[in-house]
Amino acid sequence: MGLGEMNKEVIEKVIKFVTMVILMGTIVIWIMMPTSTYKEIWLTPMRAKLGKSIYYGKPGVNLLVYMFPMILLAFLGCIYLHLKKQTTVNQFNSGVEKKRAKFGALRRPMLVKGPLGIVTVTEVMFLTMFMALLLWSLTNYIYRTFVTITSESAATDGNSLWQARLDLIAVRLGIVGNICLAFLFYPVARGSSLLAAVGLTSESSIKYHIWLGHLVMILFTSHGLCYFIYWISKNQLVSQMLEWDRTGVSNVAGEIALVAGLMMWVTTYSKIRRRFFEVFFYTHYLYIVFMLFFVFHVGISHALIPFPGFYIFLVDRFLRSLQSRNNVKLVSARVLPCDTVELNFSKNPMLIYSPTSTMFVNIPSISKLQWHPFTITSSSKLEPETLSVMIKSQGKWSSKLYDMLSSSYSDQINRLAVSVEGPYGPSSTNFLRHDSLVMVSGGSGITPFISIIRDLFYMSSTHKSKIPKMTLICAFKNSSDLSMLDLILPTSGLTTDISSFVDIQIKAFVTREEKSPVKESTHNRNIIKTLYFKPNVSDQPISPILGPNSWLCLATILSSSFMIFIVIIAIITRYHIYPIDQNSEKYTWAYKSLIYLLSISISVVTTSTAAMLWNKKRYYTKSDQSVDNFSPLIIESSPQQLLSQSTDIHYGERPNLNQLLVGLPGSSVGVLVCGPRKMRQEVAKICSFGSAENLQFESISFSW
């Protein structure tokens with residue numbers, strides 16, 4: 001190991017330590033919030049110093065305590081991931097991944113069925129601690145306020161004892177809901193370093209967003225209902241509901257935010273979400289209304305508690321919108337007989353992504369507003385200039401695409417305008433830590449495994465290192481679906497004979513056909529229609545904009561935008577807000593909140609736009625001639641023969657997963673599953689806590 005790599009490892013360890021200190025400090029603050037120690041010893045001196053500041057005022061305390069640490073964490077996470085990327089050379093030959101297998105028990109499924117889905121031991125531990133924090137905070141808040149309420153003190157405010165207590169319960173429910181809201185946006189920030197630094201992706205974290213969303217709406221709905229009951233008991237329902245206080249809590253804004261939240265909450269119901277996905281998708285844009293009126297409701301001081309996550313999400317969302325404005329080069333499409341299409345895009349060779357990554361695709365000729373996520377089937381190492389996704393015809397949007405490309409007029413389509421977001425995926429993969437790798441798929445669930453297999457093929461052929469024995473267990477409804485197996489190998493990239501050092505076995509199960517059709521399945525599988533397009537000169541190859549290709553760029557955006565925001569707020573507060581607040585006429589909450597929101601928007605837009613323009617200048621070149629000179633590529637014969645010899649097809653039966661998985665040799669067997677919920681649950685049960693010790697489970701699910 002060179003001196004440079006040793007220095008980078010030292011910096012990585014320092015960043016890890018500093019990040020842990022900041023994270024633990026932030027958690028301690030959350031835990032200490034309801035206690036007198038925090039309020040009297042910590043909060044009082046901070047308010048004394050910052051609360052009277054002519055530059056930041058009372059919001060300065062929450063700006064320092066809540067917003068600054070999380071932005072700093074995101075910044076350090078970007079630096080850590082950049083250094084990790086630089087030092088992870090020949091990672092598959094090191095013993096680091098093998099050591100991680102010792103903690104495999106913490107990733108084993110503990111809960112398989114139920115409302116939470118498949119939950120690992122680690123997730124149960126953190127969920128239990130988080131719920132304990134919420135319950136402790138709520139009970140502590142209520143207990144400390146209840147002891148101060150007497151019949152006499154309640155009467156001074158015109159309340160009975162139960163009314164005063166109900167009022168305080170409603171306030172405390174809102175405060176605890178604010179804690180949950182503080183974490184709500186982190187799981188859906190696709191390019192955030194906070195997820196990648198701990199080995200998570202936005203797809204794998206969607207369930208955390210769902211859990212937090214339910215908690216937020218339960219607490220906020222309870223908060224609103226308590227106040228409705230309180231106002232009814234005092235015969236003030238109409239007057240209180242229509243109140244918009246200039247320098248206090250605005251009830252109207254809170255009601256608007258609650259209605260927007262309830263509309264989003266209702267459409268998350270599984271039957272509505274699955275049958276009317278567009279309704280669910282578009283309704284979720286009400287988060288803008290929810291957050292805007294939430295800030296108007298509580299004021300900017302309390303809004304700064306959940307604002308760090310929302311701020312990071314805004315940066316991520318604006319960068320994604322900038323990327324999605326450009327049309328990308330779609331060079332070819334392969335139409336399979338199983339109502340499936342493979343789209344092949346031109347890619348900048350500098351764009352690197354991990355297996356199982358996803359990409360969002362928009363085709364304006366089908367729908368200008370709809371974006372759909374698809375798993376990438378290509379390998380950025382094996383295919384440096386192309387990126388592929390497989391799309392199964394399963395809904396209205398995908399059916400229109402398949403009908404368009406499979407029709408008799410498809411040969412007349414010279415160009416198809418496409419925009420993309422992503423790719424998004426794990427910062428690194430650790431499949432090589434296993435002795436063998438078993439991939440279980442159902443239907444189109446085979447797509448993430450195609451990228452894994454291609455990536456391992458590249459490693460075996462290029463680095464001549466030992467890769468795990470691979471077993472692909474795939475279940476299909478009809479024999480025509482077997483044509484998906486032809487996508488396992490790319491149309492280019494494999495130039496050597498890999499049969500001598502690749503051990504792969506494919507077990508395919510056709511469940512709805514008792515025997516092979518009259519025509520041989522291999523003949524049907526070869527009926528693949530290929531279309532070649534001629535993109536416009538303005539179409540760009542997919543280039544590295546976000547995520548693992550631009551961690552330093554993201555760190556710069558986060559730090560510079562936050563600094564610009566701080567400077568703007570300081571200037572406006574000192575020379576505009578502060579002079580007015582010194583008069584008897586106080587500056588209104590709504591205007592102050594609006595100024596903060598506009599300042600954040602200006603800082604995010606300016607820094608993100610500058611970074612995007614710099615990236616375009618760096619990566620987009622006019623000398624790309626690959627589109628004009630694109631020609632069909634030939635699949636190497638030896639890999640195809642290897643797959644043909646290694647494929648075992650079973651008709652009229654489903655895979656006996658218990659028989660196929662239990663008893664597999666090796667100290668560490670990685671078991672990956674992607675498919676219907678019942679299949680994932682069955683595999684998770686086999687690999688669950690207390691079962692076969694050598695099975696390491698990982699679910700790859702893209703169903704929302």
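Asp-481 and Lys-392 are both buried in this predicted model, and their side chains form a salt bridge in which the closest N and O atoms are 3.2 Å apart. Asp-481 belongs to the loop between strand S10 (469–476) and strand S11 (504–510), whereas Lys-392 belongs to strand S7, so the pair ties together parts that are 89 residues apart in sequence.

A second salt bridge is formed by Glu-383 and Arg-454, with 2.8 Å between the closest N and O atoms. Because Glu-383 is located in the loop between strand S6 (372–375) and strand S7 (386–392), and Arg-454 in helix H18 (residues 447–462), this pair ties together parts that are 71 residues apart in sequence. Both partners, Glu-383 and Arg-454, are buried.

The count of salt bridges in the model comes to 10. Among them is the pair made by the side chains of Glu-421 and Arg-320, with an N to O distance of 3.3 Å. Glu-421 is part of strand S8 (residues 419–424) and Arg-320 is part of helix H16 (residues 307–324); the pair therefore ties together parts that are 101 residues apart in sequence. The relative accessible area of Glu-421 is 4%, so this residue is buried. Arg-320 likewise counts as buried, because its relative accessibility is 5%. The pair of Glu-421 and Arg-320 also belongs to a network of salt bridges that links Arg-190, Asp-316, Arg-320 and Glu-421. In general terms, side chains of opposite charge can pair when their charged atoms come close.

Strand pairing was examined around strand S3. Seven of the seven residues of strand S3 (residues 330–336) are buried, so this strand is largely enclosed by the rest of the structure. Strand S3 pairs with strand S4 (residues 340–346) in the antiparallel sense, over six bridges, and Leu-336 stands opposite Thr-340 in S4. The two strands S3 and S4 form a hairpin with three residues between them. Within the turn of this hairpin, Asp-339 has a positive phi of about 55 degrees. Strand S3 also pairs with strand S12 (residues 529–532), again in the antiparallel sense, over four bridges. In this second pairing, Ser-332 stands opposite Tyr-532 in S12.

The side chains of Ser-668 and His-434 are joined by a polar contact of 2.8 Å. When residues up to four places away in sequence are not counted, Ser-668 touches Arg-433, His-434, Asp-435 and Ser-436, together with Asn-694 and Gln-696.

Leu-106, Met-125, Phe-126 and Met-129 make a nonpolar surface patch of about 410 Å². Phe-126, one of these residues, is found in helix H5 (residues 121–146). Its relative accessible area is 56%, so Phe-126 is exposed, the cut-off being over 50%.

Conventions. Residues are numbered from 1 along each chain as its sequence is written. This is a predicted model: local features need pLDDT of at least 70, side-chain atom pairs count only at pLDDT 80 or more; totals for chains, interfaces and linings use all residues. Side-chain values use heavy atoms; hydrogens and water are left out. A salt bridge is a side-chain nitrogen of Lys or Arg within 4 Å of a carboxyl oxygen of Asp or Glu. Buried means under 20% relative accessible area, exposed over 50%, partly exposed in between (1.4 Å probe, protein chains only). Two strands pair if DSSP finds at least two bridges between them. Patches are made of residues with over 30% relative accessible area and no salt bridge: like charges are joined within 9 Å, nonpolar side chains (Val, Leu, Ile, Met, Phe, Trp, Tyr) within 5 Å. Accessible areas come from the Shrake-Rupley method with a 1.4 Å probe; for residues, only the protein chains shown count as cover. A polar contact is a pair of N or O atoms within 3.5 Å; within protein, one must be able to donate a hydrogen and the other to accept it, and residues adjacent in sequence count only if both atoms are side-chain atoms. Contact means heavy atoms within 4.5 Å.
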